[in-house]
Amino acid sequence: MTRKRPALAAVLLFCCMGSGYESVNAGERALNAALEMRGVPYSWGGGGANGPSFGIGRGATTVGFDCSGLTQYAWARAGVRIKRTARGQWRNGWPVPEGQVRPGDLVFYDSNPVSPGPEHVGIAVDGERIVHASSTGGFVTFAPLVRRGYMGAVRPAETAPTTSEAATG
């Protein structure tokens, strides 16, 4: 019985692909939530699942989002809980090959060679752009997906893998 469940899950997942369900998936809902926040100020330590907030340190006087606060908010709006920090988000998801990035996937960057690991995260708009809370003095805006420090992409763990991921995972 236990052995049949993964196969059944893969069949059900395959049947839903291309049926119109994809147009309203969690990744697209998360992307839409992030896009609604374009123009909101960057605030170091700011924002989270409930929306923009005062940050900490450099962000203590600004209501807005830092990078991972924006991504946590967007995925919460899609009904999926994710960790608060870029590193936590990086560790809790399905790795996505570069050519298979979909709208809503989390895209990570390592900008500090002294401390390996992601220091920045954005949300894929498509295969070429992200929306992100940029840096102090900036705003939620667009940026190229592949750029210096690119580490890779992750699909949050609470969302179902694609058919190919289910077959190989």
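How many bridges join strand E5 to strand E6? I found two, between residues 120-124 of E5 and residues 129-133 of E6, and the two strands run antiparallel. I noted that strands are DSSP runs of type E with at least two residues, helices are H or I runs of at least four, and both are numbered from the N terminus. Val-131 in E6 is the bridge partner of Ile-123.

Before going further I recorded the basis: the model is predicted, local features need pLDDT of at least 70, side-chain atom pairs count only at pLDDT 80 or more, and totals for chains, interfaces and linings use all residues. Residues are numbered from 1 along each chain as its sequence is written, and side-chain values use heavy atoms, with hydrogens and water left out.

I then looked up the sheet. Six strands form an open sheet with antiparallel pairing, in the order E3-E8-E4-E5-E6-E7; a pair requires at least two DSSP bridges. Strand E3 (93-96) and strand E7 (140-144) are the edges, each pairing on one side only.

Next I turned to the helices. Helix H2 (residues 26-35) lies across E5, E6 and E7 and runs at about 110° to E5. Angles are taken between N-to-C directions, from 0 to 180 degrees, with axes fitted to C-alpha atoms, for helices over the stretch in contact. Helix H3 (residues 67-77) runs at about 35° to E5.

Lastly I examined Ala-33, which lies in helix H2. Ala-33 counts as buried because its relative accessibility is 2%, the limit being under 20% relative accessible area with a 1.4 Å probe, protein chains only. Beyond neighbours within four places in sequence, Ala-33 is in contact (heavy atoms within 4.5 Å) with Tyr-73, Ala-74 and Arg-77.

How values were computed: Buried means under 20% relative accessible area, exposed over 50%, partly exposed in between (1.4 Å probe, protein chains only).
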